[in-house]
Amino acid sequence: MISWLNNSIHNQMYLFSVYPEGFKELALAESESFEDYDHFCWNGQPRMNEWQPPKIEWFEDEFSSDSDETPDITSISGIIAISERAHAALKDLFINQVEFLPTIGPDEKSTWYLVNITNVLPIMESSKSKFKVKKNGNIGLCEQAYINEPDSKNKIYEVKGFEPHIFIDNDVKNTIENAL
């Protein structure tokens with residue numbers, strides 16, 4: 001399931017979240033290591049030049065079921081993963097804003113892509129945002145971010161200092177809802 005949280009009145013920006021409840025979710029194959037992929041903590045850094053496609057498989061646990069639907073958009077350890085069909089629908093919208101990193105599996109018939117968002121914008125005003133203060137006085141995670149409106153050319157982005165929240169515009173939301 002994909003959830004939308006409308007973030008802005010003017011440019012219709014949405015918070016993009018993937019909750020795979022009732023849908024299949026992906027996992028790295030047992031032969032793969034999260035350490036080889038920097039635990040998927042890329043922070044907007046390009047990966048394509050050194051990318052070695054990992055082997056992936058459908059995640060199964062006590063909550064999984066054979067009746068779970070195969071989605072076009074799901075997740076793998078918090079990273080968005082998309083099918084070939086979703087890739088075809090979204091690739092032209094995301095030019096110079098994401099990398100589509102191919103994977104091996106989960107079946108021979110199709111390629112899945114991990115979405116590495118390289119468009120990280122410095123639009124959070126820290127002085128107006130609220131951060132959790134730890135008992136030792138250190139500043140923790142941002143609890144409430146004050147985010148300036150981005151330029152309208154940004155179709156998908158993360159906000160520097162407020163990762164891993166992903167924002168998309170109305171064009172992307174409509175493409176996902178209508179084409180997938």
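Me: What percentage of the 180 residues in the protein do buried residues make up?

Reply: Buried residues make up 40% of the 180. Buried means under 20% relative accessible area, exposed means over 50%, and partly exposed is in between, with a 1.4 Å probe and protein chains only. Do keep in mind that this is a predicted model, where local features need pLDDT of at least 70 and side-chain atom pairs count only at pLDDT 80 or more, while totals for chains, interfaces and linings use all residues. Residues are numbered from 1 along each chain as its sequence is written, and side-chain values use heavy atoms, with hydrogens and water left out.

Me: How many helices and strands does the secondary structure come to?

Reply: There are 2 helices and 13 strands. Helices (H or I, at least four residues) and strands (E, at least two) are DSSP runs, numbered from the N terminus. Taking contact to mean heavy atoms within 4.5 Å, 60% of the contacts between residues at least 6 apart in sequence join residues at least 24 apart.

Me: Let's turn to charges. How many salt bridges are there?

Reply: Side chains of opposite charge can pair when their charged atoms come close. A salt bridge here is a side-chain nitrogen of Lys or Arg within 4 Å of a carboxyl oxygen of Asp or Glu, and the count comes to 6. One of them joins Arg47 to Glu50, with the closest N and O atoms 3.3 Å apart. Arg47 is buried at 15% relative accessibility, whereas Glu50 is partly exposed at 47%. Another joins Lys128 to Glu125 at 3.7 Å between the closest N and O atoms; Lys128 is partly exposed at 48%, and Glu125 is partly exposed at 24%.

Me: Which residue forms a salt bridge with Asp169?

Reply: That is Lys155, with the closest N and O atoms 3.0 Å apart. Asp169 lies in the loop between β13 (166-168) and α2 (170-179), and Lys155 in the loop between β11 (139-144) and β12 (156-159), so the pair ties together parts that are 14 residues apart in sequence. Asp169 is buried at 6% relative accessibility, and Lys155 is buried at 16%. Asp171 joins Lys155 and Asp169 in a network of salt bridges.

Me: Which residues of α2 are buried?

Reply: Start with the general idea: an α-helix has 3.6 residues a turn, so residues three or four places apart point the same way. In α2, the buried residues are Val172, Lys173, Thr175 and Ile176. Seen down the axis, they fall within an arc of 160° (taken from the directions from the helix axis to the C-beta atoms), so they line one face of the helix.

Me: And strands? Which way do the residues of β12 point?

Reply: In a regular strand the side chains alternate between the two faces of the sheet. In β12, Ile156 and Glu158 point one way, Tyr157 and Val159 point the other way, and all are buried. For its partners, two strands pair if DSSP finds at least two bridges between them. Strand β9 (residues 120-121) pairs with β12 in the parallel sense over 2 bridges, and Leu121 stands opposite Val159. With β13, the pairing of β12 is antiparallel, over 3 bridges, and Tyr157 has Phe167 as its bridge partner there.

Me: Which members of the largest nonpolar core touch the most other members?

Reply: A nonpolar core is a set of buried Ala, Val, Leu, Ile, Met, Phe, Trp, Tyr and Cys residues joined through side-chain atoms within 4.5 Å. The largest has 19 residues, and Phe16, Ile73, Ile80 and Ile82 touch the most other members. Elements giving two or more residues to this core include β2 (14-18), β6 (79-82), β13 and α2. A second, separate core of 14 residues includes Trp42, Ile76, Ala81 and Leu101.

Me: One more place to look: where is Asp72 found?

Reply: Asp72 is in the loop between β4 (56-58) and β5 (73-76), and counts as buried at 18% relative accessibility. For its polar contacts, look for pairs of N or O atoms within 3.5 Å; within protein, one must be able to donate a hydrogen and the other to accept it, and residues adjacent in sequence count only if both atoms are side-chain atoms. The side chain of Asp72 makes such contacts with the side chains of Ser83 (2.7 Å) and Arg85 (2.8 Å).
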